[in-house]
Structures are given as C-alpha cells and as structure tokens.
Amino acid sequence: MSEEYYVDPLREQFDAFKSLPRDRPINMLNQVRFRDVAAYAEDHSEYGKGLSGEQAYALYGEQSGPIFKRVGGTIIWRGICETVLTGPRHEHWDAMFIARYPHAGAFLEMVTDPVYREVVKHRQAAVATSRLIRCGEASSQNGTFA
C-alpha cells in the first residue's frame with residue numbers, strides 16, 4: 001500500500017476552511033510524523049545542517065509560539081501515539097496535540113502573519129506527514145452526540 005504524505009494544506013482544503021464560520025472557537029487536532037533528518041528547501045538550506053525533524057519542529061514551536069499566544073491560541077491536550085486500533089496499521093505519530101483558538105479568524109491571523117510565514121520553514125523541513133483537522137464544538141446529551 002502506498003502512503004500519501006501531507007505537510008501543507010491544498011488550496012481547496014484551505015478554501016474550505018476559510019468558508020466555515022470564523023466567529024466561534026475551534027480546536028485543531030494535530031498529528032505529526034517527523035522526518036529522520038530535516039529537509040529544508042534549497043533557499044533555506046543554511047538551517048538544515050544536521051538537524052533531525054524533531055529538532056526542526058522544536059525550532060518551529062519556539063519561533064511560532066509567541067504568535068500563537070498573541071492570537072489567543074492554547075494547547076489543551078498533548079499526547080503520544082501508543083497504537084492504532086482503527087485505521088491504517090502503518091500510521092504512527094511522533095507528536096499529537098489539540099490547539100484551541102478563540103475563533104477561526106485567530107488561526108487565519110496566525111498563518112498569514114509575516115513572521116509566521118518565515119518560521120513555518122522549520123515545520124515544512126521537519127514534517128514527513130501530518131494531519132491537521134479543524135474540529136468544532138459538538139453538543140452532547142447522555143454521552144451521545146446530538
């Protein structure tokens with residue numbers, strides 16, 4: 001079975017995100033698999049000297065963190081992948097977390113910030129594949145979704 005790799009959203013995926021309501025809180029489920037060795041684009045090759053994917057992702061976190069906080073983002077859960085019960089057996093994740101934003105506009109503000117657009121090179125170099133899933137709030141009644 002061949003695996004598809006995802007690092008950045010496709011245009012139609014980003015357009016679908018932007019078409020959803022922007023005025024309510026969102027949770028972004030992040031699942032990330034690191035490259036063994038960071039793979040910086042040629043125009044950023046000075047950064048890639050001997051960094052692992054995990055190290056490059058740590059740089060991304062350090063440098064994008066102030067922007068994330070400025071727009072009101074918080075990490076509400078962080079965990080590790082232990083095993084896959086349902087889904088492709090080969091999928092594993094090195095980092096998993098849920099980032100909460102006060103509204104979708106905050107996420108858009110972050111990813112369009114000029115400083116963020118520069119530091120995202122570390123994420124792109126670090127990540128072999130990922131899933132970024134926008135989740136809205138669901139009402140729950142008696143333990144089932146309504």
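Helices α2 and α4 meet through a set of residues that runs from Gly-53 to Ile-67 in α2 and from Val-115 to Ala-126 in α4. This is a predicted model, in which local features need pLDDT of at least 70 and side-chain atom pairs count only at pLDDT 80 or more, while totals for chains, interfaces and linings use all residues. Residues are numbered from 1 along each chain as its sequence is written, and side-chain values use heavy atoms, with hydrogens and water left out.

**Helices α2 and α4**

- On the α2 side, the residues in contact (heavy atoms within 4.5 Å) are Gly-53, Ala-56, Tyr-57, Leu-59, Tyr-60, Gln-63, Ser-64 and Ile-67.
- Their partners in α4 are Val-115, Tyr-116, Val-119, Val-120, His-122, Arg-123 and Ala-126.
- By class, this contact has 10 nonpolar, 4 polar and 1 charged residues; Ala, Val, Leu, Ile, Met, Phe, Trp, Tyr, Cys and Pro count as nonpolar, Asp, Glu, Lys and Arg as charged, and the others, Gly among them, as polar.
- Helix α2 covers residues 53-70 and helix α4 residues 114-126; helices (H or I, at least four residues) and strands (E, at least two) are DSSP runs, numbered from the N terminus.
- The two axes come within 7 Å and cross at roughly 160°; axes are lines fitted to C-alpha atoms, for helices over the stretch in contact, and angles run from 0 to 180 degrees between N-to-C directions.
- α2 and α4 are therefore roughly antiparallel to each other, a word used for angles over 145 degrees.

**Helices α1 and α3**

- Helix α1 (residues 11-19) packs against helix α3 (residues 104-112) at an angle of about 140°, with the axes 10 Å apart.
- Phe-14, Phe-17 and Lys-18 of α1 make the contact with Ala-104, Phe-107, Leu-108 and Val-111 of α3.
- The classes here are 6 nonpolar, no polar and 1 charged residues.
- Phe-14, in helix α1, is buried, with a relative accessible area of 17%; buried means under 20% relative accessible area (1.4 Å probe, protein chains only).
- Leaving aside neighbours within four places in sequence, Phe-14 is in contact with Pro-9, Leu-108 and Val-111.
- Phe-14 and Leu-108 are 94 residues apart in sequence and 9.9 Å apart in space, C-alpha to C-alpha.

**The largest nonpolar core**

- This core has 30 residues, of which Phe-17, Ile-26, Tyr-57, Tyr-101, Phe-107, Met-110 and Tyr-116 touch the most other members; a nonpolar core is a set of buried Ala, Val, Leu, Ile, Met, Phe, Trp, Tyr and Cys residues joined through side-chain atoms within 4.5 Å.
- Two or more residues come from each of α1, β1 (26-34), α2, β3 (95-101), α3 and α4.
- Helix α3 gives the most, with 6 residues.
- Covering the buried residues of α3 are elements including α1, β1, α2, β3, α4 and β4 (127-135).

- Phe-107 sits in helix α3 and is buried, with a relative accessible area of 8%.
- Not counting residues up to four places away in sequence, Phe-107 touches Phe-17, Ile-26, Met-28, Tyr-101 and Leu-132.
- Tyr-101 lies in strand β3 and is buried at 4% relative accessible area.
- Among the residues that Tyr-101 touches are Pro-25, Phe-68, Val-71, Gly-73 and Met-110.

Notes. Parallel < 35°, antiparallel > 145°, perpendicular 65-115°, else oblique. Buried < 20%, exposed > 50% of the residue type's maximum accessible area, 1.4 Å probe, protein only.
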